[in-house]
There are 2 protein chains.
Amino acid sequence: MLIESMTRKASIDLLKRARVARLGYIQDGQPYIVPMSFEYDVDYLYGFSTEGHKTTWMRANPRVCVEVDDLATTEKWETVIVLGQYEELPNTDEHEASRTHAHALMQKRPAWWEPGYVKAIVDGKERPLEAMYFRIRIAQITGRRGIPS
Amino acid sequence: MLIESMTRKASIDLLKRARVARLGYIQDGQPYIVPMSFEYDVDYLYGFSTEGHKTTWMRANPRVCVEVDDLATTEKWETVIVLGQYEELPNTDEHEASRTHAHALMQKRPAWWEPGYVKAIVDGKERPLEAMYFRIRIAQITGRRGIPS
């Protein structure tokens, strides 16, 4: 197997193709990971959440990591890591344009993993339906791929 | 969709079933995520790596997170988060038994994602073949599942 760095373009291609990412954030010195659905657009990854937990912690510490991968076989795989800054897009005039943009992006196709959108009963209690839109300002993109040799 | 907490037993069932996890660690206040192959065994998750990067950082800050999931559909999914402590199993007499145990566990079946095992040329340079075995001492397991309603 050859392992090689991916070009920025190839890394972005995977970000465009992938529908599910894993989002890493820090809570009191402890890393956490949650799956998330997202859309890539130029300098940002857009996502949403109805959960209080992760947004509370990302607000407190906005340095996050997003990992996407395409693991076809043991020797044929791609992984891309995005390091970036969490930014909320609350329901205010100031963020209206960005929210609308995020919404339009995420509506483009049915998300494969979208618990944020569906009516949900969480441990017996109805969850508020309104999603918190957020975006991650991309500071760094790195990708590696394995190639059968 | 109903979202409910998973029992410890159901969470462990997913840890036994899943072959790929995402491992989260912290480097200088920045979370990182890498895919990893692993085996669950009682109080530990066992894995290995030939990469220097992540082992260096987990040695410096052993608080890690492991996420596994089974995302069948938008409304039918399970995710489990393990919080724990990184422990290396270096090639020394002291760790011989644990290394042998880790090796036996990981040999049980062909890992789907095992770049640590194969001869690899990384960016043109041959990578050392010897794997660093490690384990993650499980401090906490939590799981959530979505159920179509």
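Tutor: Two residues are in contact, or touch, if their C-beta atoms, placed from the backbone, lie within 7 Å. Keep in mind that this is a predicted model.

Student: Which residues does A:E78 touch, not counting residues up to four places away in sequence?
Tutor: Start with its place: A:E78 is found in strand β7 of chain A. Now apply the 7 Å limit between C-beta atoms. Leaving out residues up to four places away in sequence, the partners of A:E78 are A:M6, A:L14, A:D69, A:D70, A:G143 and A:R145.

Student: How far apart are the C-alpha atoms of A:E78 and A:M6?
Tutor: A:M6 is one of the residues that A:E78 touches. Along the chain the two lie 72 residues apart. Their C-alpha atoms are separated by 8.4 Å.

Student: Is A:E78 buried or exposed?
Tutor: Count the C-beta atoms around it. The cut-off for a buried residue is 20 or more others within 10 Å. A:E78 has 21 other C-beta atoms within 10 Å, so A:E78 is buried.

Student: What is the class of B:R19, with 16 other C-beta atoms within 10 Å?
Tutor: B:R19 sits in the loop between α1 (8-17) and β2 (20-27) of chain B. A buried residue needs 20 or more neighbours, and an exposed one has 12 or fewer. With 16 other C-beta atoms within 10 Å, B:R19 therefore counts as partly exposed.

Student: Which loop holds A:V42, and is A:V42 buried or exposed?
Tutor: A:V42 lies in the loop between β4 (39-41) and β5 (44-49) of chain A. Its phi is near 55°, a positive value in a residue other than glycine. A:V42 has 6 C-beta neighbours inside 10 Å, so it counts as exposed.

Student: What is the phi of B:V42?
Tutor: B:V42 lies in the loop between β4 (39-41) and β5 (44-49) of chain B. B:V42 has 6 C-beta neighbours inside 10 Å, so it counts as exposed. It is not a glycine, although its phi is positive, at about 55°.

Student: How many helices and strands does chain A have?
Tutor: Walk along from the N terminus. The elements run β-α-β-β-β-β-α-β-β-α-β-β-β. In chain A that gives 3 helices and 10 strands.

Student: How do β2(A) and β3(A) run, parallel or antiparallel?
Tutor: The two strands form a hairpin with 2 residues between them. In the turn, A:D28 has a positive phi of about 50°. Across the strands, A:L23 has A:V34 as its bridge partner. In total 8 bridges join β2(A) to β3(A), and the strands run antiparallel.

Student: Which residues touch the most other members of the largest nonpolar core?
Tutor: Nonpolar side chains tend to be buried together in soluble globular proteins. Among the contacts of B:V66 are B:A21, B:L23, B:L45, B:V82, B:G84 and B:I136. In the largest nonpolar core, with 58 residues, the ones touching the most other members are A:V66 and B:V66.

Student: How many residues of chain A are in contact with chain B, and which element supplies the largest share?
Tutor: Chain A brings 37 residues into contact with 37 residues of chain B. Strands β1, β2, β3, β6, β7 and β8 of chain A each supply at least two residues of that side. By type, the side divides into 22 nonpolar, 7 polar and 8 charged residues. The largest share, 6 residues, comes from β6(A).

Student: Which element of chain A has the highest mean pLDDT?
Tutor: Over chain A the mean pLDDT is 87, and 89% of its residues reach 70 or more. The lowest mean among the elements, 72, belongs to β8(A). The highest, 97, belongs to helix α1.

Technical notes
Residues are numbered from 1 along each chain as its sequence is written. Chains are lettered from A and ligands numbered from 1 in the order in which they are written. This is a predicted model: local features need pLDDT of at least 70, side-chain atom pairs count only at pLDDT 80 or more; totals for chains, interfaces and linings use all residues. Helices (H or I, at least four residues) and strands (E, at least two) are DSSP runs, numbered from the N terminus. Ala, Val, Leu, Ile, Met, Phe, Trp, Tyr, Cys and Pro count as nonpolar, Asp, Glu, Lys and Arg as charged, and the others, Gly among them, as polar. Two strands pair if DSSP finds at least two bridges between them. A nonpolar core is a set of buried Ala, Val, Leu, Ile, Met, Phe, Trp, Tyr and Cys residues joined through C-beta atoms within 7 Å. pLDDT is the predictor's confidence in each residue, from 0 to 100.
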